[in-house]
Every structure is written in structure tokens, then in C-alpha cells.
Amino acid sequence: MLPAILVAVLALLLVLALARPLVARAESSPAPAAEEVSEIDAQVAGALAEIEEIEFDRASGHLSEEDFSELAADAKKRAVELIRRRDAADPSASDDA
Amino acid sequence: MSLIGRAALLLALGAAVYAIVMAIAGLRSGRRDWIASSRSAVYGTFGMTSVGIVTLWAALLTDRFELRSVAEYSNAALEPWFKVSALWGSQAGSLLLWAWLLTAFAALVVARNRSTHRELMPVVIITLMVIGVFFLGLLSFVTSPFEVLAVVPDDGRGLNPLLQNPYMVSHPPLLYLGYVGLAVPFAFAMAALVTGRLDTAWIGAVRRWLILAWTFLGFGIILGSRWAYEELGWGGYWAWDPVENAAFMPWLVATALLHSVMVQERRGMLKVWNMSLVVLTFTLALFGTFLTRSGIIASVHAFGESTLGPWFLAFIAAVIITGTTLILMRLDELRSVHRLESFISREAVFLFNNLLLVGLAFAVFWGTIFPVISEAARGSRITVGEGYYDQIAVPIGVALLILTGIGPLISWRRASGAQLLRRFAEPVFVALVAAILMLLFTSAWDNWVAGLVFTASVFVAMSVIGEFLRGARTIHALGGVSLTGAMTRLVARNRRRYGGYVVHLGVVLLFIGFAGSTAFTQSGDLLLDPGERADVGGLTFVNEKTVRDANDNRMMVGAQLGVFDGEERISTLTPAINFYTASQQRSTEIAIDTGPRRDIYVTLVGLNEADQVRASVFINPLVMWLWVAGVLIVIGALISSLPLPGRRVREATVPSSVGAGRAAG
């Protein structure tokens, strides 16, 4: 008897967990725009890290000036595109900075 | 207990199916609440699978012999931690572990990406839950860990004595963490292909998962080798056994992938290749599980005949077909941004490294499945011997080791002659001096492959150490910090690169261990009456006394052997044989004296009533460095996977020179 009750409780808990987001539609997760901004922020962080790495490679002699210019230009272009996308999604970011 | 376990797994299966349905519906309709419900279902799947695995552990610990998984793999007198590990001794239990880890990883992925990768996540959920449905379906309808026996025995048959070893408590879960972890990169790759988000965002999302899965798999393989070394008694640690190969193949391809994604991130190249490697890595992870579970190939690690083979083959085929179709559909969008400009460039080194790693994986695959193919084609099973593998693995391994040293020294895009001379002069010079010194003062070059490996190891170590010093000097020059502070800052600011270099130092130690232990092992057999002595490998072994011991689980009989170098006692070893009462099986307990120069390894073959000892002795040089290498590789991989400190991204703005706003932050 006890195992059957336990199984019923488990099933009930599962159904409640699955139904909760459907019932409470205004869930506490960030709005789509905020999610997009935070996602682009993560990509901007990656792009800035890449620029730093390229600069470090030049400083430690791993890249010639010519290669550095080309690789850094590529990476900066990507970063600029991302920052523009971020600013378009959240104009307050460019005002705050 | 059976009812709770079965019901929990069925509920987990239902939740996984629900997650798939809601994620598809949410993706089509854009309904965020449906996607949120699919996320809850992933947590629910994990919760229910957890109830299932906890129930089985409880059954094992409380000796519920009405369950087949308990009665056939445990017994009342078994030590508690072996009762815990008996869960993965059975086929159904090990599949339950697979499913539980998968659902745990899926829940972690969902929790960590609650507000990121919005477009990718529904497909990631679908992919992970489809895999979950496969395993939970097997557990619910094909091989249940909660199967009840018609006749309940008084005691269980006990765990296979070979598995009653501390390394067997940790080795299988680590391997499974690796196998299952590879499902996450696969799921993100599938999501990128389905959604068309083929930039490097998906790589950023899975990099840490890939490193962790690779680390778990690698560490699992090393612990498995250690288990084989300490438990099987033939003096070695790797025998190209099919189940060893099963774990080694995805590890090789994952190693290739770890390197080639860097080329995509830096140069926008190898996109199709990387996608293919992700699919191949996960396929091989499934194939590894299939090899262990299907009983298709005999192995000391395998679990005998089972009915799972066709199911696994069908699922593997589905994974390959889906992955390949999606890659082909996105072929145009996966074109490289840049072309390979020179064969003397870092991307070319990564490409060669990839070709060698994948080539080796293919050779291992071929050798592993050859017995099955030969049986199908000719009716007789032809097993491929160690010679086949060594013939291929040794040259590829040496080439990979050398590339490990070349990679860090060479520039992206192309390297000039002057640059090469400047970079290579020091490590090559030191390696040559080391080679000459080894030739003059040691026996390292008695085996030319070993001599080459030792020399290449010096080259790689110098190359890596040189990178650390060069980087630290650059930071020291730029930032005015001390050289020690610069070294710390160097690793902290680029954990991925310098953690990777620590892994490379571990690889050097690994190769030194391989070369020493395979090229210079000495062995011999002993037949000693009480008090008698005999020599093997320049050491003297004396039969000093017989040792006996017993507990509820087993009886032990062993021989105490004194080991002397000349007249000096250097060790006392007690190899033994255990007799397990429940399973009526015996296992040898190896005695090993480990040291940085060599291991003295003794297996007791027999001990008669007159206390006459028969034993096999192996003197294995440099084996200890394999285990040290394992630890160093894990440390390096963990450094690589640590997240970077928070960056002030919000201050980054578009510079005025490119048309908008203020200077870049």
C-alpha cells in the first residue's frame, strides 16, 4: 500500500511541476529583450577576450604586424557588430556607458 | 521497491516525452510558457530518474535479493561501497547510471542557460530528451533494473571479484560522465544546425562541457588502466581490449575536436569538420556503451550476451543519419570564412593533429570490429592482436607528441623562416643535447623508439615551458609586475590556453611512462621453497613466509617475499590470492612496489601445502609517471575549464572611428 501511495505522490508532484509554468504564465524569468541583451553581452565578452588574445599574441611575438592587423581588424569588426546589436536591443546600454 | 523503481522510471520516460512535445510546440508557436514547461519536464525527468537510482541503491544496501540486479551482483557480506558500485556491475544498473547522468546533465544545461541561447535551447532540450527517451525506454521495457525473481534466494551471488577494487568504484562512473557529457556538445551542435545559428555561439556554449567530458573520459581511461594493472596480474595496463578501445575512440576524436574548434573560433575555418567531429564523438560514445553492453565482442570488461545490440545499433544509425542529413542541409552556410594560407601555420598543425587523431581512432575502430566483420564474411572470428595496434599507434603517437611541441611555437596564418628559427632553436637544441646525454650515459637509446620518444618529450616540455616564460616576460614587460606575479596573471587571464599547456606537460609524462614501461620491462617466473631465493631483473626475491587471513566475504592466502638489491632489502611484497565465499570465485591480489624509476610487480600464481611459492615478477620502468600524468592532465583541464573573471562588457561601446559613439571599452 505504501509504495502505491508513494508512486501516486511522485506522479502528482511531477504533474504539478509540469503544469506550473502553464498556469503561472507571467513567470519570473527575464523578458525576451533582457534575455537577448544578456546573451549578446556574453558574446561581446568573448569577442573582447579574443581581441585581447590577439594583442597578447602580437606582444609575445606570435604574430607578425601584418597578421596582427588583419586578425585584429576581423575580431574588432565582430565585436563592433555585436555591440551595435546589443545597443539596438537595449538603447539604455549605450546611454549608461 | 520494484514498484517504486519501475514507476519512477516510467514517470521519467513520460516527462521526457512531454519535454520533447512541449519544446517542439513551443518552438513552432513561440509560446514561452510551453518552453518553460518543457524545461520543468527536464527537471522532472531528472527527479524521477533520481528516485529510480536511489531506489536501486537502497535495494542493494538493504540486500533486497528479490531483485535480479541485487541477487546476481551483490551479497549480504559485501562491503557497503562495493554494494554501491554493484549498481553498475549489472547491465540494467549501468544503463540506469547512464540515464541518470544524462538527465542530470540535461537539468544542469537547462538551469545554466535559462536566459541564454534562447533560440538553441528548445532544440537542445529535444535532443537530450530524445537520448533520454532511448535509455529510459530500454530501462522500462527491455532490461529493467527492478526485475523481480520468481524464487528469492537467501543470499546473492556476489559481485565479480575483479570488480571488488577501489578503482572499479570510480572508473565506470567517470567513463560514463565522459560518454554522457559528450551528449551536450552534440545537442548544441544539432540545435545550431536546426536553427541555422552557425556562428561560434554554440561552440562557446559547449566548450566547457567538452573539456569536462574529455577530462572525465580521459581520467576514467587512466583509472581503468590502473585497475587493469593492479587487478588482472599480467604486468601491463593497456592491452587494446575492445572495451578499452571503446572509451579510447571517443576520447581521441574529442581531443581532435578540442583543437579544431579553436581554428573555427580564430579563423572561421573547419566548420563542417567540427560539426562532423561532434556527431562522430557522440556516435562513438554510444558505440562504446554498445560494445560493453551488447556482448558482441568478448572482453574482460564486457557484460556478456544481451538483447540490447539491435536497439543500440538502431539508435546509433539514427544519430548518424540525423547528424549527417543536417550537416548536408547546411553545407552552404558552413563554408569556411578563410582558407588555409600556409602549411607552416598553427591551423595547419591543428589540421595535421586532427587527421592523425581521427586516423588513429579509425584504425582502433577497425581493429575492434574486425572480429565481427571477419565472422560475418568468412564464418570464423579473427581477433586483431596487439601488434596491429602498436604498429599504427606508435608512429602516430610519436608524430602527435612532436606536433604537441610544434603547435605552441608556430603562428596563426603563416610562419616566417626567421620566426621559426627564433622559436625552435632553443627547444630543439636542448632536445638534441638531452638525446646525446641519454645516448652516452643511459640505455634509453637501446630501443630507438623509446629514445625518440624521450627526445621528443624534452622538445615538447621545453616548447611548453618556453611559452610560459615568454608569456610571463611579456606581461612583466607590459604591466610592471614581478615575474612570479606575471606567471600567475598569465594563467589567470588565459586559462584555456595555459591550462591546455599544463595538459600538454601531462601528455609528455604520459609518453615517458609509455615508452619506459613498454620498451624496458623485464620479467621472470619464480618457484621458491620457504627461505629460498632467486633473481629477476637484477633483484633478488626471497620466500620469507606464508600469510593467511579471512573475513565473512573472503579468505586470503599470500606469500611474503623479501626483495633485495644486492644485500640491501629494498622492499617486502605480499602477493596473494582471494577466495570469495559467495561467488566461489578467486582473484589474485597483485603486490606492487612503486617508485619514480620502476615498479616491482609480483603476481602470486600458486602456493602449495609445503608453502612453495610460484610467482610472476615484472620490473616495469617509469610506470608511476603514467598516473602522475593523469593527475596533471586533470589539473590542466580543470584550469582550462574555469570561467574567466567577469568582464565589464556594459562599458564596451563602438569606437567613433567606425561610426558611432565613444571609444571601445
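Buried area is the accessible area (1.4 Å probe) that two parts lose on being put together, summed over both. Keep that in mind for this predicted model, where local features need pLDDT of at least 70, side-chain atom pairs count only at pLDDT 80 or more, and totals for chains, interfaces and linings use all residues. Residues are numbered from 1 along each chain as written, chains are lettered from A in the order written, and side-chain values use heavy atoms, without hydrogens or water.

Start by selecting chains A and B together. About 5000 Å² is buried between them, with carbon and sulfur atoms giving 53%. On the chain A side, pick Glu39(A), Phe56(A) and His62(A): they lose the most area to chain B, together 14% of what that side buries. In contact terms (heavy atoms within 4.5 Å), 53 residues of chain A meet 62 of chain B.

Now for the charges. Five salt bridges (a side-chain nitrogen of Lys or Arg within 4 Å of a carboxyl oxygen of Asp or Glu) cross the interface of chain A and chain B. Zoom in on Glu53(A) and Arg497(B), whose side chains form a salt bridge at 3.1 Å, N to O.

Last stop: chain B, helix α15 (residues 417-441), where you'll find Leu440(B). Is Leu440(B) buried or exposed? Leu440(B) counts as exposed (over 50% relative accessible area), because its value is 59%.

Technical notes
Helix = DSSP H or I, 4+ residues; strand = E, 2+ residues; numbered from the N terminus. Buried < 20%, exposed > 50% of the residue type's maximum accessible area, 1.4 Å probe, protein only.
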